[in-house]
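I opened the model to look up a few things and kept notes as I went. The entries follow in the order I made them.

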Amino acid sequence: RRHVAGLARLGHGVVARDGGDLQCDARGRISQAAWGDIARAPTLNGEAEIRIPAETQSGKVFRLKGKGVKSVRSHREGDLYCTATVETPINLTPEQRELMEKFEATFAGEGARKHSPRHSTFVDGVKGFWDRMVS
């Protein structure tokens, strides 16, 4: 991956190049990832919109076909790959902190796993492995 001159910082972080393809981060708040939103990604021709669906997990990659760099050899347009990155809020006000504590309290108990897809998948996998070992 090579750094692309001219696209280094456009409010979206660093854009990297891999052949004709470009890679960047699509950063957002937890609420945007949970409810869905529209993110903007830097391209060679300005900005492109990315529709972020509800319940998007950090690490999901979105492909914008033809928004990369034109290859000299094949004359094919590369693609832009944007990785969803959910940012943890900082410098919370007392009101925001209280709201986050109330929100976190709703995840208590046995039903909390259904709201954490990666955790429940891991725990279910461990349970399944253990059950197979015991039987």
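I started with Asp79, which sits in the loop between β6 and β7. Strands here are DSSP runs (E, at least two residues) and helices are runs of H or I, at least four residues, numbered from the N terminus. The model is predicted, so I noted the limits: local features need pLDDT of at least 70, side-chain atom pairs count only at pLDDT 80 or more, and totals for chains, interfaces and linings use all residues. Residues are numbered from 1 along each chain as its sequence is written, and side-chain values use heavy atoms, with hydrogens and water left out.

Is Asp79 buried or exposed? Asp79 counts as buried because its relative accessibility is 2%; the cut-offs are under 20% relative accessible area for buried, over 50% for exposed and partly exposed in between, with a 1.4 Å probe and protein chains only.

I then looked up what the Asp79 side chain meets. It makes a polar contact of 2.9 Å with the side chain of Arg63. A polar atom of the Asp79 side chain also lies 2.8 Å from the backbone nitrogen of Gly66. A polar contact is a pair of N or O atoms within 3.5 Å; within protein, one must be able to donate a hydrogen and the other to accept it, and residues adjacent in sequence count only if both atoms are side-chain atoms.

Arg63 has Tyr81 in β7 as its bridge partner. β6 and β7 run antiparallel and are joined by four bridges. β3 and β7 pair in the parallel sense over seven bridges; pairing requires that DSSP finds at least two bridges between the strands.

Cys24 stands opposite Cys82 in β7, so I checked for disulfides, since a disulfide is a covalent bond between the sulfur atoms of two cysteines. The search of the whole structure finds zero, with a cut-off of 2.5 Å between cysteine sulfur atoms. Cys24 is buried at 4% relative accessibility, and Cys82 is buried at 0%.

Next I looked at the largest nonpolar core, which has 15 residues. Such a core is a set of buried Ala, Val, Leu, Ile, Met, Phe, Trp, Tyr and Cys residues joined through side-chain atoms within 4.5 Å. Cys24, Ala41, Ile50, Leu64, Leu80 and Cys82 touch the most other members. Two or more residues each come from β3, β4, β5, β6 and β7.

Last, I checked helix α2, residues 94–105. None of its twelve residues is buried, so α2 lies largely in the open.

Notes: Expected span 1.5 Å × (residues − 1).
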